Amino acid sequence: MESRSNDKFDFKAFDEGKYIDSVRAQDEAETISRILYPNDSTNEGKKLRLKQQYFFTSASLQDLMIKYKADGHKNFDDFSKLHSIQLNDTHPALAIPELIRLLEKEGVDFEKAFDITQKSMAYTNHTLLAEALEVWNKELFKSVLPNLYPYIEEINSRLIAELREWKIDENEWHNFLIIQNNGIHMAFMSIYATRAVNGVAAIHTDLLKTDVISAWHRLFPDRIVNKTNGITQRRWLLQSNPQLSELITDQLESNEWVTELDRLKALEGMQDDEQVLDRFIDIKREKKKELAEYIQFHEEVDIDPDSIFDIQIKRLHEYKRQLMMAFYISDLYNRIKADPEAEWTKRTFIFGAKAAPGYYMAKSIIKYINELSNRVNTDPEVNDIIKVVFVENYGVSYAERLFPAADVSEQISTAGKEASGTGNMKFMLNGAVTVGTMDGANVEIVEEAGRENNYIFGMEVEEVVEKRKNYDPTSAIKRTPGLKTVVESLVDGTFQDNNTGMFQNLYNNLIQEDQYFVLEDFESYREAQDQIAQDFKDEKAFYRKGFINMANAGKFSSDRTVEEYAKGIWHIAKQQ
Ligand SMILES: *Cc1c(COP(=O)(O)O)cnc(C)c1O
C-alpha cells in the first residue's frame, strides 16, 4: 500500500466544502477509494479505512444539504421530515457527528442538531459477533479526524447526562458509553443517535433484544425492529436462470412473479405433476452441465452432472464453518477407502470463498480445503465417486453460475452467529434444499418451506449457550467414530502445509477451544449429510423437496424487504 498517497488527502480543504464539484475532488476520491476493504491489521490500513468512511459519508451529507438549501429552505426545521438516512452497518456511522458538525456550521445549536440528526437517521445492525463490532482507537481517530472527535465527545456527554437522569446504575454504563477504555464504540453511537435500529432476520433481532444490546432494548423498548433480508429475483432467477424462469412463467401463465415473488406459491400445487417435476429436473441438470463445463475450463477439474452438487459459497469465516464441511468430506473419503465397493452416492462438493486479507485462520482453512481437494481428486479409488472443487476468485459473476446448479445449499453456521445470510435465499429460489442449522434466515426458510423439505441439524442457540459453559472439544472427538482420524490428519503428515505451521495452528485451535463447535456438531451434521445421500437415490422425491423450496421463496424477495423499510422506518408511501 502506498502510504504517501494516503497522507496527501487535504481534510481541511474538504471540511471547508472546497471539493464539491471540483476536478480535484475526483482525483482525491479516486486516491482514497482505490483499495476497497484495505487490510486493517496495520495502523496504516486502519487510517485509510477511517478516511474512506469519512470521505463518503461527509460528501453524501454535504450533497444533501446543498440540495436542501437550493430548494429554498431558509432553515433546517424540515430537514428530518424530508430525509431518511439509513446507516447500512456502522461503516457510515460517522454521518452522525458529521451531520451535527455541518448543521452547527449553518448556525444550528448542538441540541437542535442532535435532534435533527436522530430524527433523520436509522441504523441496520448486520452482525452478532461481538468482535466484529467496530471500535476505533481514540488516539488513532483523533489523529485522522481531529475536527470530528469533539462532536463524539459531546454526544457521549449528552448520553451520560441521560443515563444519570434515568438513574442507570454506573455499573451498567459499560453497556452504553460511546467512549470507553480508549475506544469509540460505533454501534453504541448508532443506537443512541438514531430513531430506529433493525436486525436482518427474526432470530437475529430477537438476539439483539435479549442478548447483544439488551440493555439498550430496556432503555428504548420501541427502537429495535426486524426487517428480514431479501434478494432480488431479477438477478438471482430471471437473469441467472432463464430456463427455470421460463418454466415458472409457463406454469403460472404470467410473468408477474418478476415483480411479485409471492406468486410462486401457486406452483406448490404442481409438485405431483410429473411433467412439471420432470422439466424442473431437466433444467437443474442443464444448469449443472453448464457449470461443469465452466469449472472444467476455469479450474481444470472434471465433475459429473449426475452427482449431487453440494455447494458452500460465502465469505470465509470460522463461524460459517467451511471447516466442518471439509471434515465431512475427509471422513467420507476415509469411509470410501475402507469400503470402495459399497453403493456410494456420487457427490461433488464445491466451495467458493474469499478471506479478509489479514485473517490468517481463514487462509489456513482455504489451504486445507485445497490440499483435501488434491488428495480426493487424484485418488483413482474415490475420484469416480466424489470430487472437491475450491473455485478461484469467487464473486457475484461466479455466484450467478453456481446458485442455479446447486442441489444442496450449505448454511451450517454455529447457531446464534449468522445474522441472516442471503446466499441461503438465492439457493432456495433456484430449487436447492438447505442443509443447515437453526440460524439466521434459515429459521424463516424452513418456516416457509417446511422442515421436512430441508435438512436441519446441530445445536440450537440455547444449546450452544449451555454447551459453552462447560465445553471440552476432546470429548466430542472421543464420542464420535472417525472424527479422531480426521482431526489428527491435520498434523500426522497426511496433509502438507509447506511448513507454514498453518495446520498445526488449526489443530491446536480445535483441540484447545473450538469456539464455533465444529467438533460438537460434526456427528449431527454427518447424519444430515448421509441422509441427503440416501434420499438422492429416489431422484424424484429429492427434487420435489427442492421444487417446494422454490415455490415458497416469495417471502425472500428484496421487494418485500424494501417495502417494510419504506413503511416501518422511512415512512414513505409507494407511488400508485
Ligand atoms: C449472496 C452473496 C454472498 C452472501 O452469502 P452468505 O451465504 O449469505 O454469506 C456473498 N458473496 C456473494 C458473491 C454473494 O452473491
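Start with everything selected. Of the contacts in the protein (heavy atoms within 4.5 Å) between residues at least 6 apart in sequence, 75% join residues at least 24 apart.

A word before you click on: this is a predicted model, where local features need pLDDT of at least 70 and side-chain atom pairs count only at pLDDT 80 or more, while totals for chains, interfaces and linings use all residues. Residues are numbered from 1 along each chain as its sequence is written, and side-chain values use heavy atoms, with hydrogens and water left out.

Switch to cartoon view and you'll have 27 helices and 13 strands to look at (DSSP runs, H or I of at least four residues for helices and E of at least two for strands, numbered from the N terminus). Of the 576 residues, 56% count as buried, meaning under 20% relative accessible area with a 1.4 Å probe, protein chains only.

Now select residues 308-313, which make up strand 8. How many of its six residues are buried? Six of the six, so to speak a mostly covered strand.

Show the side chains next. In a regular strand they alternate between the two faces of the sheet. Here Ile308, Asp310 and Gln312 sit on one side, Phe309, Ile311 and Ile313 on the other, and all are buried.

Zoom in on Phe309 and you'll find Thr348 of strand 9 opposite.

Terms used. Buried < 20%, exposed > 50% of the residue type's maximum accessible area, 1.4 Å probe, protein only. Pairing = 2+ DSSP bridges.
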